[in-house]
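Below is a brief report on one protein chain. Keep the sequence and the 3D view open while you read.

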Amino acid sequence: MATRSRRNSPTSTRRPAGPPAPAPARDWNTVALGPVRGRWLLAGKDGRLTAYARTEGGLLRWTEHAPGGPGWSGPDLFPAEELTDLAVGQGPDGYAHFVGRRRRRTGEADTVTYHHAVQYQSGRPMGPWESLGTLYHKPDMSHRGGPPALAVDAQGAPHVFVRNAGRGVHVRRQDKKGGWGAWDDLRGSKTFEGACAASTAEGRVRFAAPGEKGISLWAQSAPGGPLAKGEDVPCLAQDGSLCVLETSPGRVTHFWHAADGSGVFGYREGAGVLALGGGPGYGAVAAARAVVDGYDCTVLAHRTAGGRTALAAYPTEHEAAGLWWTEIGEECLESPALAVDAYGLVVIASISARGELLVNRQKDGSSLSLGRWQRF
């Protein structure tokens, strides 16, 4: 296919998405220090993609001018004073939720608090940061809360996951009225801090954490239900490398970098542990599903040991077909991101060593060949 099909286009022509939103603070001297945690390239309800990164004292955002690009606006700067470990999650309503951790000195002890904010529409301002308080109220324990991970369920309720002082996991959820429940202990033991959270198309939340014994998994059996712990996957994963992708209705595949540098691995219930090659890498593995040459494919990307992005694809849930990794682009910071645009084409993004957003897009649906890199 030589040209981009408009059959499933959101509009018959590409038009600007209405008048510009009230502008957030903009500082063209501000550079990205790396992407936020989680799936940091998101599609909004209007079909436009948005990329998020962290910077000194805030959050940076780039937004497509129109569904399918190619132009982007930004970076827009949203202050997030003293917040670190920023994470993002998105629910079925398209809202982008953010959570961060703040450490402050109170008397003779440090206190760690968590904070939440929402962006309701693509290109619009973020709401204010709301304090979720501290994991522990005792002064000698209030600093012992790990970096947050975030997922949003079927009702649009965010779930904030934190490694606790006992190296298990706590979660705090928002209720239907917008209030927040108490921290709930999910148990677990000897976990590391680089966890990941996500939800399925049905809105069932999944959570995975690497640890000394392997990868610990939690899941909802039904939308809105309690999170139950499953059996550990007996593989040692590199801290911060986990991601999860729904590869068939209600069924997910987890991906990660092996702690010993032996490559990318996956796990799916009923299929076991899957060796996917790719060599040593750093940061989270990125994953997305897209139609390539007429086939439903899983596309993977990660940052190699040399700092560049490696890309591969294979027929979804048919790992035995094999996959071949190709290095693309220039040196990037931490983890790349993958998404599918409004025209069904794969988009890959990374943060350059100079702190810019780098974007590339699949030329057409007949192969995974990419176009030219754009720099924003």
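## Aromatic cluster

Phe161, Phe207 and Trp218 come together as one aromatic cluster. The model is a predicted one.

## Aromatic pairs

The structure holds 6 aromatic pairs. Take tyrosine 52 and phenylalanine 98: their ring centres are 4.9 Å apart and their planes meet at 70 degrees, so the pair is edge-to-face. The cut-off for that label is over 60 degrees. Tyrosine 52 sits in strand 3 (residues 49-55) and phenylalanine 98 in strand 7 (residues 96-106), so the pair ties together parts that are 46 residues apart in sequence. Tyrosine 52 counts as buried because its relative accessibility is 2%, and buried means under 20%. Phenylalanine 98 is buried too, with a relative accessible area of 1%.

Tyrosine 114 and tryptophan 183 make another pair. Their ring centres lie 5.8 Å apart with planes at 65 degrees, so this pair is edge-to-face as well. Tyrosine 114 belongs to strand 8 (residues 109-119), while tryptophan 183 is in the loop between strand 12 (169-173) and strand 13 (184-187), so the pair ties together parts that are 69 residues apart in sequence. Tyrosine 114 and tryptophan 183 are both buried.

## Overall fold

The chain has 29 strands and 0 helices. Its radius of gyration is 20 Å; a compact globule of 376 residues would have a value near 21 Å, so the chain agrees with that form. Along the principal axes, the C-alpha atoms fill a box of roughly 65 × 50 × 40 Å.

Of the 376 residues, 53% count as buried. Take the contacts between residues at least 6 apart in sequence: 42% of them join residues at least 24 apart.

## Surface and charge

The accessible surface of the chain is about 16600 Å². Carbon and sulfur atoms account for 51% of that surface. The chain carries 42 positive and 37 negative charges. The mean positions of the two sets are 3 Å apart.

## An exposed loop residue

Alanine 320 lies in the loop between strand 24 (309-315) and strand 25 (326-328). Is alanine 320 buried or exposed? Its relative accessible area is 84%, so alanine 320 is exposed; the cut-off is over 50%. Alanine 320 is 44 residues from leucine 276 in sequence. In space, the two are 9.3 Å apart, C-alpha to C-alpha.

## Backbone exceptions

Most peptide bonds are trans, and most residues other than glycine have a negative phi. Which bond joins glycine 69 to proline 70, cis or trans? That bond is cis, with omega near 5 degrees. Proline 70 is in the loop between strand 4 (58-64) and strand 5 (72-79). A cis bond also joins glycine 74 and proline 75, with omega about 10 degrees. Proline 75 is in strand 5.

Arginine 187 is not a glycine, yet its phi is positive, at about 70 degrees. Arginine 187 lies in strand 13. With 58% relative accessibility, arginine 187 counts as exposed. Glutamate 334 also has a positive phi, near 60 degrees. Glutamate 334 is in strand 26 (residues 332-340). At 32% relative accessibility, glutamate 334 counts as partly exposed.

Technical notes: Residues numbered from 1 in each chain as written. Predicted model: local features only at pLDDT ≥ 70, side-chain atom pairs only at ≥ 80, totals over all residues. Heavy atoms only, no water. Helix = DSSP H or I, 4+ residues; strand = E, 2+ residues; numbered from the N terminus. Rg over C-alpha atoms; globule rule 2.2 N^0.38 Å. Buried < 20%, exposed > 50% of the residue type's maximum accessible area, 1.4 Å probe, protein only. Contact = heavy atoms within 4.5 Å. Areas by Shrake-Rupley, 256 points an atom, 1.4 Å probe, with all protein chains shown as cover. Lys, Arg positive; Asp, Glu negative; His and termini not counted. Charge placed at Lys NZ, Arg CZ, Asp CG, Glu CD. Phe/Tyr/Trp six-rings, centres within 6.5 Å; stacked < 30°, edge-to-face > 60°.
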